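Please look through the structure below with its overall build in mind before turning to single residues.

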Amino acid sequence: MKEYKTENIRNIALVGHNGSGKTTFVERLLFNTKVTTRMGSVQSGTAAMDFEEEEIARNSSVATGIAPIEWKGTKLNMLDTPGFMDFIGEVNAALRVTEGVIVFVEAVAGVEVGTEIVYQAAVEQNKSLMLLVNKMNRENVRVSRIKESIDANLDGRFVNIQLPIGEGADFQGIIDLINMEARLGENCERAPIPDDMADAAEEARMELIEAAAEGDDTLIEKYFEEETLSNEEIVIGLKSGMKQGTIVPIIYAAPEAGIAVDPALEMLTALIPSPDQARKFEVTNKAGETESYPISDESPLIAFVFKTREDPYGKTSYLRVYGGVLGSDNRIYDVNLEQDVRIGSLQVAIGKEQVTVGKLHAGDLGVVVKMGDASTNDTLCEHGKFFQMAPIEAPNPIASVAVHPVSQSDVAKLTQSLTRLVAEDPTLRWYTETATHQTILSGMGTTHLDIAIKKAKSKFGVNITTTTPKIPYKETITKTNSAEYTHKKQTGGAGQYGRVFLRVESVDDNEGFQFGEEIFGGSISAPFIAATEKGARQAAEGGVIAGYPVVGVRTVVYDGKMHPVDSKEIAFQIAGREGFRLAVKGAGPALLEPIYEVTIVVPADNMGDILGDLNTRRAKVLGMDQEGTKSVVRAEVPLAEMQTYAQDLRSMTQGRGVFSMKFQSYGRVPAHLLDDLIKKLQAEMEEEKENK
Ligand SMILES: Nc1nc2c(ncn2[C@@H]2O[C@H](COP(=O)(O)OP(=O)(O)OP(=O)(O)O)[C@@H](O)[C@H]2O)c(=O)[nH]1
Ligand SMILES: [Mg+2]
């Protein structure tokens, strides 16, 4: 592939609701620019951008596909993100490394929940945005409704820079309001504006000029004087307004039918800033200070790994060069690893294919195969230097499964494969829950987790089954209680003797194990007090009521007895353990459960159902807000009631609701549920013992 300098590069993220036609748009571009000889189709599994096994199986994207589109001397790096919200991590990564974003709006459906989420994310990241009203050739498209849907659901100043000619089966092309000409059919032939649209076009152009003028201070004066702008000035004003986030242009297309594709590329090239025109990028230096540099070949060499893809043959790292020029056959310092990694051959990705390039200029995207231990979010720079970029934002997981390796060989491979899965996708997390001894995999939804488990099998050959995770309860007490315990063993050989008097007191639930002594007159010696503490601590860790760690308890040893010969540390350890158990059992045991703060966003119509449902989940509603046509509910909900919420919310809202959750604190399980819950947990504990 030709070498592209920074000013001839455009990095563009394609985002939108599930199925809005992002992948098909890129397939059309690849076909039109003769990279592919047949246009790929998502439905028949031939799309160059949807090449992962799971994408072919689902006829939908699960990961970002990248296509460098070479067009009239410019390279447009298109990042085709998945629209399904479980894969929001892919969207975040794509937004991180692009200057421009096309938000796809499906012409019939209008603005959907997914559209709003990705639009909002793009706005927050200060990107130059454009809306593409897509699939204009679909039956039942009503142009009049689309703008209404956009204005009602999205915040921003939306300005038509095109008008569609016809709608549905009759969609023929667009009017370019900057050049005031029509572009018709698959070849986008230039033609005069149809007579019956002349007035509408004139009016829309006036609006466009006004918006463009407001986008740039010098233009606004000229506009007041002359009441118009030249075509070049319109472009300058629009581009500047987009950069400031005050203007979002709207374009129209039907890429599957091949209509209005070239004009879309023309507008992207003209209006999305090249990397050198974008904001400076920020890094942290060794002293922890922020430094910023322009995206330029002259800046220090800095690259960032924004995506990693694993397959059975090895690892592919996707990186973006921010400063300097990256060459091949080099070693480069990975700041996060604090070691050099090797860049063998430098390539650019076109879906799953890779094309070798000699070097990458600042602002460009490329891939490196088998780049040592480098993983997503690592910053690369020259050896001896230190620049670090912030990691890509990863939302808190909202769904979890407990994973169980199937065979002995799966056991051996489990940890490593989970670690590699997480390195590939930072929105996945895995950890061992000490309270339940389970290995937990968390992510952005059930589909996300399903796919991760399938990848573990197809990429790393590990068979995993999953179950609903156990809740990591904790045990505590509600009142003070005392107990005594004597450990005595005097059969043959040396005997064992230890006697302790213990008191347990309830302290703050957030406190861990606490221990004190109130021994008078040396009834037990310091080493035996220590042994008693050790025993009590062990008992607390292993749980007394249902096998969960005991917290919020202060244990005091206040008396005891030693035997001149038979007293040993082990005897006091056992006495401490058993004494603690007895004391806790009589101290009004209680259970603590994790409580999460949950934020739910649903269409306003669903609000009633959502609140009713939350009621059945022991939720405490903290607040409700109306944001446009959406309702936002914040509530505190016990984790035990949230385990299937990802599926439940989807079915309650037909997939139009979303939620996030973050751990808040442990709270007491209500008394009326306690007995049944303890019985259930004890039964589980027994069952586990039997299975061992
Ligand atoms: N009528 C019509 N259908 C289209 C057009 N573009 C795409 N489609 C269809 O819309 C469906 C979804 O298209 P995709 O390209 O997979 O959409 P996507 O946005 O990539 O979907 P996700 O990756 O799942 O978010 C497919 O069945 C396409 O055939 C178009 O221009 N016109
Ligand atoms: Mg797709």
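In this predicted model, the secondary structure of the protein chain comprises 16 helices and 36 strands. Along the principal axes, the C-alpha atoms occupy a box of roughly 110 × 60 × 50 Å, and of the 692 residues in the chain, 54% are buried. The accessible surface comes to about 29800 Å², and carbon and sulfur atoms contribute 47% of it.

Charge is the next topic. The chain carries 72 positive and 100 negative charges, whose mean positions lie 8 Å apart. Side chains of opposite charge can pair when their charged atoms come close, and the structure holds 37 salt bridges. One of these joins the side chains of Arg138 and Glu106, with 2.3 Å from N to O. Because Arg138 lies in the loop between β5 (128–134) and α5 (143–153) while Glu106 belongs to strand β4 (residues 100–106), this pair ties together parts that are 32 residues apart in sequence. Arg138 is partly exposed at 37% relative accessibility, whereas Glu106, at 5%, counts as buried.

A salt bridge also connects Glu214 and Arg157, again with 2.3 Å from N to O. This pair links distant parts of the chain, with Glu214 in helix α6 and Arg157 in the loop between α5 and β6 (158–160), 57 residues apart. Both partners are partly exposed, Glu214 at 42% relative accessibility and Arg157 at 32%. Arg499 and Glu484 meet in a salt bridge of 2.7 Å, N to O; since Arg499 is in strand β30 (residues 496–506) and Glu484 in strand β29 (residues 481–489), the pair ties together parts 15 residues apart in sequence. Elsewhere, a network of salt bridges links Glu52, Arg309, Asp311, Glu424, Lys455 and Lys459.

The backbone deserves a closing look. Most residues other than glycine have a negative phi, yet the phi of Asn59 is positive, near 50°. Asn59 lies in the loop between α2 (53–58) and β2 (65–71) and is partly exposed, with a relative accessible area of 29%. Glu227 likewise has a positive phi, near 60°; Glu227 sits in the loop between α7 (217–226) and α8 (231–244) and, at 58% relative accessibility, counts as exposed.

Terms used: Residues numbered from 1 in each chain as written. Chains lettered and ligands numbered in written order. Predicted model: local features only at pLDDT ≥ 70, side-chain atom pairs only at ≥ 80, totals over all residues. Heavy atoms only, no water. Helix = DSSP H or I, 4+ residues; strand = E, 2+ residues; numbered from the N terminus. Buried < 20%, exposed > 50% of the residue type's maximum accessible area, 1.4 Å probe, protein only. Areas by Shrake-Rupley, 256 points an atom, 1.4 Å probe, with all protein chains shown as cover. Lys, Arg positive; Asp, Glu negative; His and termini not counted. Charge placed at Lys NZ, Arg CZ, Asp CG, Glu CD. Salt bridge = Lys/Arg side-chain N within 4 Å of Asp/Glu carboxyl O.
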